[in-house]
2 protein chains.
Amino acid sequence: MQRGNRHNVAPPTEALVGLLESSPILAELGTAELSALASLAVTENQYPADVIIIDQGERIRSVHLVLSGWGCVYRDLANGKRQIIDFPMRCDFVGLRTADGYSYNTIASITPMSLFEIPLPSLERAIRQAPKLSFMLIEMLSRQRSMLIEHLTNVGCRSAFVRTAHLLLELSDRVRACGSGDPDSFYCPLTQYQLADALGLTPIHLNRMLRELREEGLVMFKSYKVEILDRDRLISIAEYDGEFMRMSVFGKDE
Amino acid sequence: MQRGNRHNVAPPTEALVGLLESSPILAELGTAELSALASLAVTENQYPADVIIIDQGERIRSVHLVLSGWGCVYRDLANGKRQIIDFPMRCDFVGLRTADGYSYNTIASITPMSLFEIPLPSLERAIRQAPKLSFMLIEMLSRQRSMLIEHLTNVGCRSAFVRTAHLLLELSDRVRACGSGDPDSFYCPLTQYQLADALGLTPIHLNRMLRELREEGLVMFKSYKVEILDRDRLISIAEYDGEFMRMSVFGKDE
DNA sequence: CGCCACTTTGAGTTTTATCAAAGATCGTGG
DNA sequence: CCACGATCTTTGATAAAACTCAAAGTGGCG
């Protein structure tokens, strides 16, 4: 995979505000927050499919917010394996760094992607200006944390079959949250290698799990399309509870 | 395990500031931050060993900061298994909640523990008063996130043997960061069941891995004490890199 | 049409889990 | 101080799950 040559587009504060408001996290943007956001040095970058956006070990000075497209965040290991951490989509932010400023994982595009890039110093200024913005970042990190916990639980405690079912349900929920049409039949541009790397399985074994799921009349994964055939049974087999996607620190007390 | 009956101690702002300053994250506390911290409605609670501090599904209105003792955070599954997410220790904070205010995982003590409890509304006020405090919370969440990524990678990509080695090295680093003496020989009050639940292994298999590690002259885990016999070889076998513990969002640019 | 990447299948092996039960260890009460 | 129970550790034998290697099938694209 080659290094991503991006294409830069005009700065779009308005689009950023729209994106944040459509996010699954609770965002209450008042005047102070809006004006702080307007002062952000945000750029929109477009990347083709299958390029590396941020490489493991690379210097990082920005966070990125996904506007469109599918990507993946992973860690490469010396033993040749890799763990896919997440498939970020619209409204997800990516770009963490070690204390000395380097990325600990790789972020790559799968389809063409469009990302907002926000330099860290600019974000820091905006938060000082409108402290409420920090709650958004906290909510986002917190949501990512709970999704990671669910991912870890999935890999650590569930059989390959159940694990696969669980991931497909999670993807369905996330695609739906991004506003794409029918959650029971959605576009999913992942290869079986990528699914396997996310689930800690070999592609061969994942393939057999997909076949079982198909033969059981539960889900079909074919030509980059997921079709959920029996969602109720699938949810019950996978012990799936989408609640973890809506986690937060300072949530509303109903 | 019974519900934790805690014992409440006099409010200790000073101790809280000390704790934050000794934290592995970068904390620069100026006058504004100190006075905001002083206004926090923080209490210190003490729990005996082996009690549940926050139960899965329980209402949460506070975050907790560990002052002393060993605990564990885990998720229980319907299939009877559980995934241990973390063994929080001094300076770590615990207590996340779903958007509607309930805990998604259980937090239990292993040894007697002492925790600072900070009500969320109070924390929110303090952050508004001193926005810089939000960076501390962000750094802490970010650090937890990277530790989770490493944990997921460990369970997803590494063999039982290597995985076990990696966890013991991580614990060694964390214990050292808490200021406890010799990192090559430290107290570790975990049972093999708990280690197994953290690693996604059965206790029987974990036991065999520990035996192998011992027979190879790498580590000994005996009577709740870890002795690292050959750290260099262990690090190389486990592909261990402690860098993930020092991750942050707004780190210093060296 | 042919190449390339991805998917699918088969056969055999390794890793890990399961079941069963015997040692340790530690705290507690007699 | 010893005996007892409870919990934790260790071992053995067997079974199941997942991996490896090898190779054939599929589909899209230049």
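## Starting with polar contacts

A polar contact is a pair of N or O atoms within 3.5 Å; within protein, one must be able to donate a hydrogen and the other to accept it, and residues adjacent in sequence count only if both atoms are side-chain atoms. Between domain 1 and domain 2 of chain A, 7 residue pairs are in polar contact, both residues at pLDDT 80 or more.

This is a predicted model, in which local features need pLDDT of at least 70, side-chain atom pairs count only at pLDDT 80 or more, and totals for chains, interfaces and linings use all residues. Residues are numbered from 1 along each chain as its sequence is written, chains are lettered from A and ligands numbered from 1 in the order in which they are written, and side-chain values use heavy atoms, with hydrogens and water left out.

## Two domains in chain A

Let's look at chain A by itself. Domain 1 covers 12-148 and domain 2 covers 159-238; these bounds come from an automatic or database domain assignment. Their C-alpha centres lie 25 Å apart. Where the domains touch, 13 residues of domain 1 are in contact with 12 residues of domain 2 (contact means heavy atoms within 4.5 Å).

The two domains bury about 1,300 Å² between them, and carbon and sulfur atoms give 64% of that. Buried area is the accessible area (1.4 Å probe) that two parts lose on being put together, summed over both. Trp70(A), Phe87(A) and Met89(A) supply 42% of the area that domain 1 buries against domain 2, more than any other three residues.

Charges meet here too: there are 3 salt bridges between the domains. A salt bridge is a side-chain nitrogen of Lys or Arg within 4 Å of a carboxyl oxygen of Asp or Glu. The side chains of Arg174(A) and Asp92(A) form a salt bridge, at 2.7 Å from N to O. On the domain 1 side, strand β7 (residues 82-86) of chain A gives the largest share, 4 residues. Strands (E, at least two residues) and helices (H or I, at least four) are DSSP runs, numbered from the N terminus.

## Where chains A and B meet

Now for the partner chain. The contact takes 58 residues from chain A and 57 residues from chain B, and the two chains bury about 5,700 Å² between them, 64% of it on carbon and sulfur atoms. Tyr104(A), Arg145(A) and Leu152(A) supply 13% of the area that chain A buries against chain B, more than any other three residues.

Across this interface there are 2 salt bridges. Arg75(B) forms a salt bridge with Glu150(A), with the closest N and O atoms 3.3 Å apart. Several elements of chain A give two or more residues to the side that touches chain B, among them α3 (120-129) and α4 (132-157). The largest share of that side, 18 residues, comes from α4(A).

Met113(B) lies in strand β11 (residues 113-119) of chain B. Met113(B) is buried, with a relative accessible area of 4% (buried means under 20%, exposed over 50%, partly exposed in between, with a 1.4 Å probe and protein chains only). Leaving aside neighbours within four places in sequence, the contacts of Met113(B) include Tyr47(B), Ile53(B) and Trp70(B).

Thr164(B) sits in helix α5 (residues 160-177) of chain B. Is Thr164(B) buried or exposed? Thr164(B) is buried, with a relative accessible area of 2%. Beyond its neighbours within four places in sequence, Thr164(B) is in contact with Leu199(B), Leu201(B), Leu206(B), Met209(B), Leu210(B) and Leu213(B).
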